[in-house]
Amino acid sequence: MADATHSTGMIRVWDPLVRIGHWVLVVAFATAYLTEGEPEWLHVWAGYAIAATVALRLLWGVIGPQRARFSDFVTGPGRAVAYLRDLIAGRAERHVGHSPAGGAMTVALLVTLGVTAFAGMGTLAAEEGEGPLAGIVAQIPETDGPRAYTGDHDEDEHGEHGEESAWKEVHEVAANLTLILILLHLGGVALASARHGENLARSMVTGDKRA
Ligand code: HEM
Ligand code: HEM
């Protein structure tokens with residue numbers, strides 16, 4: 001499917017679901033990260049917004065329009081690394097959809113956001129035995145998965161014991177890993193924008209790029 005060309009020499013690249021999903025992720029991540037679990041209702045709803053957006057985006061990556069599809073931008077790590085090397089050297093080719101590195105970052109962010117949100121649900125379920133996914137989490141066998149974590153039964157700083165803090169630990173580590181990826185993401189967007197002489201962030205708002 002060819003990209004639709006407007007009379008202005010711009011082409012539509014990002015469909016509304018990709019764009020709205022992106023900015024929901026930005027607002028919800030900032031909310032979830034800065035609230036750090038309190039107030040719980042706000043933290044949890046921001047986290048669910050992320051989980052729902054990631055799930056929808058994964059589906060959209062299979063059934064959505066060309067530029068939204070994983071098949072359009074997922075490449076091997078070799079091409080992503082080669083693109084980054086060229087980008088730093090100032091000789092990277094411009095891509096209308098995601099570049100190989102942008103595609104790799106997209107997948108990495110969706111994975112770490114999904115793991116963070118799921119581990120958050122595990123944290124909540126272990127703490128309170130409730131929450132919409134508590135039933136699913138409870139199905140995870142005790143001998144398999146983070147709940148089986150038995151290495152450290154010492155009390156943590158909140159006076160809680162090992163089993164529950166395993167989910168919490170995964171949750172916290174995944175949240176911080178996501179934050180690191182976001183910082184790299186912002187650096188990549190800034191560098192690629194400068195090198196290709198275009199405002200990539202604006203394209204994520206309007207959906208259009210120079211043809
Ligand atoms: C919480 C912070 C953020 C998260 C979790 C995030 C996540 C993502 C994800 C998942 C994608 C892939 C889009 C898709 O195909 O659906 C993406 C792409 C993109 N994001 Fe972000 N983003 C964040 C912050 C930002 C900010 C603040 C900007 C602008 C300054 C930005 C600019 C972009 C751009 C330009 C792309 C497209 C990259 C390309 O052209 O290949 N992002 N982001
Ligand atoms: C991707 C989205 C999310 C991010 C970035 C995030 C981030 C964080 C961070 C940084 C903390 C503080 C770390 C700590 O003190 O252990 C935290 C705590 C917590 N999060 Fe999340 N979270 C997300 C989603 C969720 C979801 C979906 C839930 C529940 C359904 C949840 C439940 C909790 C709970 C209960 C705590 C408190 C843990 C405690 O101190 O006992 N989070 N989260």
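Hi everyone, let's start where P77, R79, A80, Y83 and L84 of α4 meet P100, A101 and A104 of α5; contact here means C-beta atoms, placed from the backbone, within 7 Å. By class, that contact has seven nonpolar, no polar and one charged residues. Nonpolar covers Ala, Val, Leu, Ile, Met, Phe, Trp, Tyr, Cys and Pro, charged covers Asp, Glu, Lys and Arg, and the others, Gly among them, are polar.

A quick word on the source: this is a predicted model, where local features need pLDDT of at least 70 and side-chain atom pairs count only at pLDDT 80 or more, while totals for chains, interfaces and linings use all residues. Residues are numbered from 1 along each chain as its sequence is written, and chains are lettered from A and ligands numbered from 1 in the order in which they are written.

Helices are DSSP runs (H or I, at least four residues), numbered from the N terminus. α4, residues 77–89, packs on α5 at about 120°, with the axes 7 Å apart; axes are lines fitted to C-alpha atoms over the stretch in contact, and angles run from 0 to 180 degrees between N-to-C directions.

Now, ligand 1. Which residues come nearest? Among the 20 around ligand 1, they are F29, H98, G102, L200 and A201 (near means a C-beta atom, placed from the backbone, within 6 Å). Helix α1 gives the largest share of this shell, six residues.

Around ligand 2 there are 24 residues, with A32, G37, G47, T116 and G120 nearest. Here the largest share, eight residues, comes from α5. Twelve residues of this shell are nonpolar, eight polar and four charged.

Key
Helix = DSSP H or I, 4+ residues; strand = E, 2+ residues; numbered from the N terminus. Contact = placed C-beta atoms within 7 Å.
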